[in-house]
Amino acid sequence: ILVSLISACITFFVLYKLFMMLSGNFYATYAAMIFFTLSDELIIAANKPLKESFAVMLIISSLYFFIKGVKYYDRKSIWISALTGSMLALSVDHVIFLLPAFVLSYIFFNRDKIDLKKFHFPNLKYAAIPFVITLLVYSSWLGAKAYQYSQDESYPAGLEGAPLFAKDFGIVDLLNPVYFKGYDPGLPHGFNTRIRHYAFGLGYMFNIEPFGIPRGLDLTTMRYLLFPRHIVYMILIYLPLALIAAYAVLNILRESIKTKKIYQNANLYLILIFLIFIFPLTQKVSSPRYIYADYPILYYFIGLGFFMLLKKMKRLKLYSSALPLSIILLLILVPFWHYYNNNLVIFAKKVTKSMNTAEFIKNNLGKDKAIMAQPGYVYDLIYLTPNRALGLPPFSKDLMHFIDHYDVDYIVFGRYFTSSKYFYSKESIEYIKNNPQKFRLMKTSKEDYSKFSNPQSSGATDEVYVYKVIR
């Protein structure tokens with residue numbers, strides 16, 4: 001969690017430097033930083049032991065130092081960009097979106113303009129350093145995965161470390177394991193054509209404090225998550241913000257078409273970068289956290305839209321007046337935020353799923369016992385117990401083979417991830433329940449998730465089952 005928090009702080013300062021270097025527009029940058037600070041999703045990311053906040057920091061830093069390097073022929077920045085890009089390559093597969101971003105950055109901002117007709121690419125040998133090094137590091141990582149997959153007939157490359165038959169892999173499987181045949185069928189791959197999916201992903205990008213819209217809204221949760229005040233927020237705050245951002249983007253496109261300007265066109269560049277990093281949203285399996293790198297760019301468009309409107313109305317002085325007012329409002333918000341969130345993140349008690357189950361495992365199972373857990377519980381059990389844990393495979397026909405292969409002693413699964421919402425590994429779970437001669441129920445743990453789930457939702461409580469493998 002501390003790494004996530006520090007990463008968010010670093011991102012704030014690097015982002016400010018990036019926007020100011022690109023646009024020189026303090027008003028748009030200041031507004032973007034305000035929205036970045038109040039972003040509900042980014043606040044959550046900064047308080048979770050997940051890699052998203054760290055990955056966003058690496059993406060923004062790598063782009064900033066790369067552009068600074070090619071724009072001012074700063075070799076030190078080039079090497080820093082290569083370093084952060086390499087770190088990203090070892091952290092997340094989203095590095096594949098950084099590579100085309102490097103190319104765009106070189107085309108738009110190299111100190112000397114490139115000439116495609118004359119095949120003239122000034123400073124290319126230095127500009128190519130971050131691209132080549134990042135690509136080599138990522139290729140090495142893919143090579144390491146390929147080596148691991150080829151060494152055995154199976155590998156825990158499935159959902160949350162569920163084993164699957166990985167030896168006959170392809171390049172697409174290396175890039176994204178969801179394409180493996182043995183991956184959980186509850187998580188399909190391919191492009192998503194549902195408009196609601198895109199509305200959900202884009203809509204939550206606007207979510208800011210203290211006007212937050214509840215997460216997890218759908219037709220079944222609206223009755224206890226959605227209140228009249230949220231409708232008011234949507235109409236009076238988020239709809240105008242969306243229109244202002246759209247106004248800015250349309251003006252950028254209109255001006256770019258009119259002038260036919262690409263070189264040093266920072267606003268057009270940010271639109272293209274936004275489109276690159278929004279790609280994960282086009283997939284059937286997606287999440288708001290997959291597109292966190294695009295959140296600051298959207299906030300910049302909102303700030304730029306405000307600037308364009310006030311400039312058109314000749315009211316830019318209002319922007320100057322709004323600066324001290326916004327600072328005062330943020331200072332007023334601090335005590336209210338502390339009142340409702342009165343726990344310092346680095347000292348707060350860690351609350352996760354299946355804590356009672358983990359306590360039972362620590363007290364009653366040996367540390368050397370291997371556990372096969374349903375996706376949804378694996379990471380929590382790894383965090384809370386000293387035992388080796390891997391995911392429960394989705395297909396019953398493979399279950400006994402993987403149990404023997406990985407010398408599994410116990411199976412863990414729960415009601416929430418079986419019948420309440422996600423339905424992970426349901427076929428294998430039914431097999432376990434229906435074969436008492438092979439599996440014996442040892443413990444049923446009652447779990448309470450009301451501290452981080454709505455008390456009225458089906459996910460507020462859970463029952464987690466521990467089965468012993470009979471040999």
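Which residues form one aromatic cluster with Phe19? The legends below take up this and other close-up views of a predicted model.

**Figure 1. An aromatic cluster and a charge over a ring.** Phe19 belongs to one aromatic cluster together with Phe274, Tyr300 and Phe301. A further view concerns Tyr73, whose ring has Arg111 lying over its face. The distance from Arg111 to the ring centre of Tyr73 is 3.8 Å.

**Figure 2. The aromatic pair of Phe211 and Tyr233.** Across the whole structure, a search finds 33 aromatic pairs. One of them is edge-to-face, because the ring planes of Phe211 and Tyr233 stand at 70 degrees, with the ring centres 5.4 Å apart. Phe211 is in the loop between helix H9 (195–203) and helix H10 (222–225), whereas Tyr233 is in helix H11 (residues 228–259), so the pair ties together parts that are 22 residues apart in sequence. Phe211 has a relative accessible area of 30% and is partly exposed. Tyr233, by contrast, counts as buried, at 17% relative accessibility.

**Figure 3. The aromatic pair of Phe402 and Tyr406.** The rings of Phe402 and Tyr406 form a tilted pair, with an angle of 45 degrees between the planes and 6.4 Å from centre to centre. Phe402 and Tyr406 are both buried.

**Figure 4. The two sides of helix H17.** Helix H17 spans residues 396–405, and its residues Asp398, Leu399, Phe402 and Ile403 are buried. Viewed down the axis of H17, the buried residues fall within an arc of 140 degrees, so they line one face of the helix. An α-helix has 3.6 residues a turn, so residues three or four places apart point the same way. Lys397 and Asp404 are exposed and are carried on the face of H17 turned away from its buried side. Just after H17 comes Asp407, which takes a positive phi of about 50 degrees.

**Figure 5. An open sheet of five strands.** The order of the strands in this open sheet is E4-E3-E5-E7-E6, and their pairing is mixed. Strand E4 (388–391) and strand E6 stand at the edges and have a single partner strand each, so one side of each is left without a neighbour in the sheet. From one strand to the next, the twist averages 25 degrees. Helix H15 (residues 355–364) lies across strands E3 (370–373), E5, E6 and E7. The direction of H15 is at about 135 degrees to E6.

**Figure 6. Strand E7 and its partners.** Strands of a sheet pair through backbone hydrogen bonds, either parallel or antiparallel. Strand E5 (residues 410–414) runs antiparallel to strand E7 (residues 461–469), and five bridges join E5 to E7. Strand E6 (residues 439–448) also pairs with E7 in the antiparallel sense, over nine bridges. Lys468 of E7 is the bridge partner of Tyr410. Arg440 stands opposite Lys468 in E7.

**Figure 7. Leu250 in helix H11.** Leu250 has its place in helix H11. With a relative accessibility of 57%, Leu250 counts as exposed. Along the chain, Leu250 and Gly305 are 55 residues apart, and their C-alpha atoms are separated by 9.9 Å.

Notes:
Residues numbered from 1 in each chain as written. Predicted model: local features only at pLDDT ≥ 70, side-chain atom pairs only at ≥ 80, totals over all residues. Heavy atoms only, no water. Phe/Tyr/Trp six-rings, centres within 6.5 Å; stacked < 30°, edge-to-face > 60°. Helix = DSSP H or I, 4+ residues; strand = E, 2+ residues; numbered from the N terminus. Buried < 20%, exposed > 50% of the residue type's maximum accessible area, 1.4 Å probe, protein only. Lys NZ or Arg CZ within 6 Å of the ring centre and 35° of its normal. Pairing = 2+ DSSP bridges. Axes fitted to C-alpha atoms, helices over the stretch in contact; angles between N-to-C directions. Contact = heavy atoms within 4.5 Å. Arc of directions from axis to C-beta.
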